[in-house]
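Me: I would like to go through the terms used for this model one at a time. Please set each value against its cut-off.

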Amino acid sequence: MFKTLKDAWKVPEIRKRVYFTFLMIVIYRLGNNIPIPFIDTQALTKAYEGMQGTLVDMLNLLTGGGLASLSIFALGVQPYITSQIVMQLLTVAIPRLEELTKEGEQGRKTIQRYTRYLAVALAIFQSVAITNGLFATALSKATSFENFIMNVVLIAGTMFLTWIGDMITDKGIGNGVSLIIFFGIISAIPNTLKKRSTSLHYSLVPIWAVILMVAIIILIIIAVVILTQGERRIPVQYAKRVVGRKMYGGKSTNIPVKVNMSGVMPIIFASAVLAIPSTIALFIGGSSSNFTSKLLSQSGTFGTAIYLIVQSLLIMLFAYFYNQIQFNTVEYAKQLQQYGGFVPGIRPGKPTSEFLQRISSKITFIGALGLAVLTAVPTIASRLLGLDLSFGGSSVIIIVGVILETIKQIEAMITMKQYKGFLK
């Protein structure tokens with residue numbers, strides 16, 4: 001990894017992309033420390049203290065601490081992520097949207113535009129839920145006009161943050177939305193380390209518990225790397241064919257089927273979906289908010305169990321869903337048959353597609369189950385050891401996954417640059 005970063009720094013084009021990404025992240029972190037207008041900071045702090053230990057903590061983590069301070073980026077990129085989930089589900093259900101995905105760049109831009117429109121609608125709903133539900137007591141003295149301005153700032157902030165994510169993807173390094181969530185999570189690490197050092201200093205927790213938790217996190221990081229890099233290679237043989245006086249084909253290759261083809265997206269999507277019931281409950285208010293906070297939280301034993309079960313099921317569901325989108329076995333089988341390729345022992349056409357589907361389903365199950373287990377282990381361990389971590393297993397996997405994906409993209413850029421240089 002360090003060798004890749006060193007080689008990338010020598011390439012001017014990649015270096016400019018790194019500078020641009022760094023600038024965008026700095027803007028994000030600065031904006032996350034700018035509160036929206038007309039708020040009472042002391043009342044806001046007091047209101048948030050009563051919500052600690054609930055699902056609000058997870059939402060605050062994903063927004064990089066912006067929700068606790070009610071910054072201009074308090075909504076984070078969650079509305080955009082949720083709109084992506086909805087649009088991908090609608091793409092499968094609505095034939096017209098499915099046709100747009102096959103129309104190339106123009107179709108992709110149209111779907112992206114629909115996704116942004118839906119993100120604005122979700123941002124409006126979430127901003128109202130926050131100002132009139134979550135922090136209603138802290139903002140009770142605000143006038144109608146001031147409340148309107150607060151909502152406008154929150155909506156504008158999340159759409160600007162979405163634009164930053166798109167700009168990072170286009171002109172920077174890595175996936176912009178994933179990087180925003182990544183830096184939001186790691187911004188909480190210094191505060192966590194400070195709490196742990198204070199607990200050790202006053203002997204509030206035994207040192208062996210902290211050492212054991214660190215060892216578990218290290219093992220999870222290793223497991224995530226193995227899971228991300230693992231793949232099943234399906235052998236492919238191309239038939240020999242004569243064109244004029246030359247013979248083509250006859251070569252052997254393989255189709256790499258990744259164990260974790262979807263990366264960290266199932267975990268990010270699962271976190272976004274888990275936030276929906278809480279947002280709706282906050283909007284409604286009353287007893288429904290308390291019920292949802294207790295049911296989908298990590299504060300109690302029952303709430304933690306329900307939360308982990310629902311999160312694991314969502315992770316596995318989205319892993320399968322993403323696999324179906326990224327690895328179209330029917331198209332693979334058609335392309336192999338078109339170019340004279342075949343899997344040894346399997347007839348071309350439909351049998352090949354069914355064979356690839358069986359292999360893909362088995363591999364995806366292993367990857368999805370691995371993600372679900374690795375996500376749950378740190379949370380369970382922290383409860384058993386009596387450690388109150390500000391981030392759980394999902395955060396660890398997101399951090400490692402985003403780093404691996406970014407390094408892969410940098411390696412691809414280096415390879416492409418070398419290839420272009422060779423052609424010149």
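Me: How many helices and strands are there in the protein?

Reply: The protein has 18 helices and five strands. Helices (H or I, at least four residues) and strands (E, at least two) are DSSP runs, numbered from the N terminus. The model is predicted, so local features need pLDDT of at least 70 and side-chain atom pairs count only at pLDDT 80 or more, while totals for chains, interfaces and linings use all residues. Residues are numbered from 1 along each chain as its sequence is written, and side-chain values use heavy atoms, with hydrogens and water left out.

Me: What makes helix 2 and helix 9 roughly antiparallel to each other?

Reply: Helix 2 (residues 12-31) and helix 9 pack at an angle of about 170°, and their axes are 9 Å apart. Axes are lines fitted to C-alpha atoms, for helices over the stretch in contact, and angles run from 0 to 180 degrees between N-to-C directions. Angles under 35 degrees count as roughly parallel, over 145 as roughly antiparallel, 65 to 115 as roughly perpendicular and the rest as oblique. Helix 2 and helix 9 are therefore roughly antiparallel.

Me: Which residues of helix 2 and helix 9 meet?

Reply: Contact means heavy atoms within 4.5 Å. On the helix 2 side the residues are Arg17, Phe20, Thr21, Met24, Ile25, Ile27 and Tyr28, and they meet Phe160, Leu161, Ile164, Met167, Ile168, Asp170 and Lys171 of helix 9. By class, this contact has ten nonpolar, one polar and three charged residues. Ala, Val, Leu, Ile, Met, Phe, Trp, Tyr, Cys and Pro count as nonpolar, Asp, Glu, Lys and Arg as charged, and the others, Gly among them, as polar.

Me: Why does Thr162 count as buried?

Reply: Buried means under 20% relative accessible area, exposed over 50%, partly exposed in between (1.4 Å probe, protein chains only). Thr162 has a relative accessible area of 3%, so Thr162 is buried. Thr162 is found in helix 9.

Me: What makes Asn147 and Gln112 buried?

Reply: Asn147 has 15% relative accessibility and therefore counts as buried. Gln112, at 18%, is buried by the cut-off too. Asn147 lies in helix 9 (residues 144-171), and Gln112 is found in helix 8 (residues 104-134). Leaving aside neighbours within four places in sequence, Asn147 is in contact with Thr131 and Asn132, and Gln112 with Tyr80 and Asp166. Of the 424 residues of the protein, 45% count as buried.

Me: Why do strand 4 and strand 5 count as edges of the sheet?

Reply: The open sheet of three strands has the order 4-1-5, with antiparallel pairing. Strand 4 (252-258) and strand 5 (341-342) each have a single partner strand, so one side of each is left without a neighbour in the sheet.

Me: How do you know that strand 1 and strand 4 pair?

Reply: Two strands pair if DSSP finds at least two bridges between them. Strand 1 (residues 231-238) and strand 4 have seven bridges, in the antiparallel sense. Val236 stands opposite Thr253 in strand 4.
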